[in-house]
Each structure stands twice: as C-alpha cells, then as structure tokens.
Amino acid sequence: RVLPHWLPNFDLFQRLEWMTYDWRVRQAFSQSDEGPTPLGAVFIDEESLEFIKTNRSLGFSFPFPRKLHGRLVGNLKAQGAKAVGFDVLFSELHAPTPATDTKLADGTTLNSDEYLAYQLRRASNVVLAIFGEQYGQAWRAVPPASLFRTNAWALAHVTSDFDSDGVLRRAKAFQDDPVLGRVWHLGIVLAARELE
C-alpha cells in the first residue's frame, strides 16, 4: 500500500509483463533464421554523416540533397526492389542550387527536389513517411511536401509511443488524421505491397 502512494503510476503487473515481453523478444531474436529474407535496409549512420561533412569535393553537405534519395530509388528499382519505404520526412522543399541539379538523358535539367519526384513517379513503388503530432485526443499528420506526396506510390505513418518505462515496444497499426483519413503504418503498407 505504500508503493502506490509514493508512485501512483507504478503498476507491478504491467512492469512484470514488460520484462517478460522484452525477454521473449530477445529469445525470438536470438534464434537463427535459416531462410533468406526479402527485406533490406539502408541506414544513414554517423560514418556517412562524417564522410559528407569532411568531403567537400561532393559539393554538398547534410542534409543530403534530394537527388541522392532519387538515385537510391532509381538504383533500387533497377535492382528489382518491389517496394521502397522511406522513414525520412520530406515535409518541405529545398532551395534549388545548380550544384545539385541533375541532367536527364533527354537533356532536361531538374533541380534536386524535382529529380526525387521524377524518380518516385518512375519507380511507382515508394512509400513515404508521415510523422504526426498529438493535439489533445487528436493525431495530426505531418505529410511530405505536395511535390513528393503526389508522386509517391503510398504514404504511411512511422510514429510510435513509448511505454511509461521509456521503452518502445509497439507501434499502432494505423493513425486517423482529420484531413488524410486513415494512415496505415509503414510496415503494414510494405507488407501489403509484398502480398500483392
């Protein structure tokens, strides 16, 4: 009776469930998977960021120009990727700069953002991330800029809530936005594409 008085949000049974859940996940993860997986991941890590910062000959710095994302989309499509999911929020356009322009085979020159939109449209398999913010009881989507949103195959949310002990254990299957309607989680949208 003393513990709930000092820590009103402490729930012993919930904590025990989280501890056993974490243990079960670690056990499942430690089991070897003998079959190949159709999934791949590309990460922007500290080494990549350091390379960009120190290599001035590239002609750009972080944030990466969108043409790099466009090239990634084009390369993945050419290698047979069935779907590509970005958990990067492209919510606003970058100011055009000639240093990041791309010239197409037909002689057309596109700025970095236009090139990403062009590759999104050509690939027709890219799912872009929607982040969100909680306003009272309502979740409000923060979608990609219109140029990207209208050229992507689909949109999906990538938001999750931490449990009260600060650990992220689950994600909601969908979020409902008053403007966009139901927005499914990125993992579900990618799985659905695989099952088509």
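Here is a short chat about the predicted model shown above.

Reader: Hi! How many helices and strands does the protein have?

Author: Hello! This predicted model has 7 helices and 8 strands.

Reader: And what share of the residues is buried?

Author: Of the 196 residues in the protein, 27% are buried.

Reader: Let's pick a helix. Which residues of helix H7 are buried?

Author: Helix H7 covers residues 186–195, and Leu186, Val189 and Arg193 are buried in it.

Reader: Why do they line one face of the helix?

Author: Looking down the axis of H7, you find its buried residues within an arc of 70°, so they line one face of the helix.

Reader: Nice! What covers those buried residues of H7?

Author: The cover includes several strands: E1 (84–85), E4, E6 (154–157) and E8 (181–184).

Reader: New topic: where is serine 124?

Author: Serine 124 sits in the loop between helix H5 (112–123) and strand E4 (126–135). Strand E4 is also among the elements that cover the buried residues of H7.

Reader: What's up with the phi of serine 124?

Author: Its phi is near 50°, which is a positive value in a residue other than glycine.

Reader: Last one: what share of contacts joins residues at least 24 apart?

Author: That share is 63%, taken among contacts between residues at least 6 apart in sequence.

Definitions and conventions. Residues are numbered from 1 along each chain as its sequence is written. This is a predicted model: local features need pLDDT of at least 70, side-chain atom pairs count only at pLDDT 80 or more; totals for chains, interfaces and linings use all residues. Side-chain values use heavy atoms; hydrogens and water are left out. Helices (H or I, at least four residues) and strands (E, at least two) are DSSP runs, numbered from the N terminus. Buried means under 20% relative accessible area, exposed over 50%, partly exposed in between (1.4 Å probe, protein chains only). Contact means heavy atoms within 4.5 Å. The arc is that of the directions from the helix axis to the C-beta atoms.
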